[in-house]
Amino acid sequence: MGKLLGIEGVNKTYQSGLSSFQALTDIKLDINRGEIVVILGPSGSGKSTLINAIGGIDRVDSGTIHVDSEDIVSLNDNQLVHYRREKVGFVFQMYNLIPNLTVYENIELAANISKSPLTIDELIDAVGLTGMANRFPRELSGGQQQRVSIARAIVRKPELLLCDEPTGALDSKISKEILKLIQQINDKYNTTVLIITHNEAISAMADRVIALKDGKIESNTINKQPIEPEGIEW
Ligand SMILES: Nc1ncnc2c1ncn2[C@@H]1O[C@H](COP(=O)(O)OP(=O)(O)OP(=O)(O)O)[C@@H](O)[C@H]1O
């Protein structure tokens, strides 16, 4: 399998006015290529801060974050843009689709900044949206919108798919379908997947479960028998 991500000694403090808040403390974490990792923790535990640092959206104060052999902490802003375009796909709780673009065009926008994107029509089929290429986001259900956002995230074939509460706005049945799609993508493209959630049930489908508490890693557990998302007891 081999290591994809190596995090060492990462700290992050937010300043607001005169007060400061330490959101991440001495994070150390290795993740292998092709793993599905669930990052669990209560609100405020630092999950988004950690995933945003891994995705090159946000900067940390100290430490190293190696993706392949490159330490992204040492990259300048332009290099970081390049890193995000080449290696990272993001999925958020609220889909963040562009309302006046169709399904096809939302995905195309992301494809356009890649040298060799996946074929959009094939991808629309693969995420279960056959026949919906010309619909606008408002003509889709929440689950369907999340499928578009997943297609948009993977059209550039990223090594890392970072999902921040991907099922936070969906009911349990649709959530399982979305998690199933994420698992299929992991299988098909060997994409390494990080899923942030406060829903402990989702950890049943993970290869590795990281528990965060007060900005620290409380546990890092290998799940020897990950289950299919449809079997998750919500
Ligand atoms: N830009 C910011 N400025 C100041 N404090 C921040 C900022 N962003 C996050 N924080 C604080 O850092 C802590 C960790 O936030 P983070 O969003 O990483 O937590 P989380 O585990 O993702 O929480 P949630 O599940 O609610 O999204 C929180 O206490 C939050 O208030």
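Some conventions before the structure. Residues are numbered from 1 along each chain as its sequence is written. Because the model is predicted, local features need pLDDT of at least 70 and side-chain atom pairs count only at pLDDT 80 or more, while totals for chains, interfaces and linings use all residues.

I start with the whole chain. The protein chain has 6 helices and 10 strands; helices (H or I, at least four residues) and strands (E, at least two) are DSSP runs, numbered from the N terminus. The C-alpha trace spans about 50 × 45 × 40 Å along its principal axes. The radius of gyration of the protein chain is 17 Å, which agrees with the value near 17 Å for a compact globule of 234 residues. That radius is taken over C-alpha atoms, and the globule rule is 2.2 Å times the number of residues to the power 0.38.

Of the 234 residues, 38% are buried. Buried means that 20 or more other C-beta atoms lie within 10 Å of the residue's own, exposed means 12 or fewer, and partly exposed is in between, with C-beta atoms placed from the backbone. Among contacts with a separation of 6 or more, 70% are between residues 24 or more positions apart. Two residues are in contact if their C-beta atoms, placed from the backbone, lie within 7 Å.

UniProt, in an unreviewed entry, places the feature "domain: ABC transporter" at residues 5-234. UniProt positions are in the numbering used here, feature names are shortened, and annotations may be inferred rather than shown by experiment. That span is 29% helix and 30% strand, and its end C-alpha atoms lie 30 Å apart.

Next, the ligand. Which residues come nearest to the ligand? They are Tyr14, Ser43, Lys47, Ser48 and Thr49, out of 13 residues around the ligand. A residue is near a molecule or strand if its C-beta atom, placed from the backbone, lies within 6 Å of it. The shell divides into 3 nonpolar, 9 polar and 1 charged residue. Here Ala, Val, Leu, Ile, Met, Phe, Trp, Tyr, Cys and Pro count as nonpolar, Asp, Glu, Lys and Arg as charged, and the others, Gly among them, as polar. Strand S1 (3-16), strand S2 (19-32) and helix H1 (47-54) each supply at least two residues of the shell. H1 gives the most, with 3 residues.

S1 and S2 also belong to an open sheet of 4 strands, in the order S2-S1-S4-S5, with antiparallel pairing. The edge strands are S2 and strand S5 (70-71), each pairing on one side only. Two strands pair if DSSP finds at least two bridges between them. Strand S4 (residues 62-67) and S5 are joined by 2 bridges, and His66 stands opposite Asp71 in S5.

Now the parallel pairings. Strand S7 (residues 160-164) has 5 of its 5 residues buried, so S7 is largely enclosed by the rest of the structure. Leu160, Leu162 and Asp164 are on one side and Leu161 and Cys163 on the other. Strand S6 (residues 88-92) runs parallel to S7, with 5 bridges, and Phe92 stands opposite Asp164. S7 is also joined by 5 bridges to strand S8 (residues 192-197), again parallel, where Leu161 faces Val193.

S3 runs parallel to S8 through 5 bridges, with Leu194 as the partner of Val37. S3 is also parallel to strand S9 (residues 208-213), through 4 bridges, and there Val38 is paired with Val209.

Val73 sits in the loop between S5 and helix H2 (77-87). Val73 counts as partly exposed because it has 19 C-beta neighbours inside 10 Å. Beyond four places in sequence, Val73 is in contact with Val60, Gly63, Thr64 and Ile65. Lys180 is in helix H6 (residues 172-189). Lys180 is partly exposed, with 16 other C-beta atoms within 10 Å. Not counting residues up to four places away in sequence, Lys180 touches Pro229 and Glu230. The C-alpha atoms of Lys180 and Val60 are separated by 32 Å.
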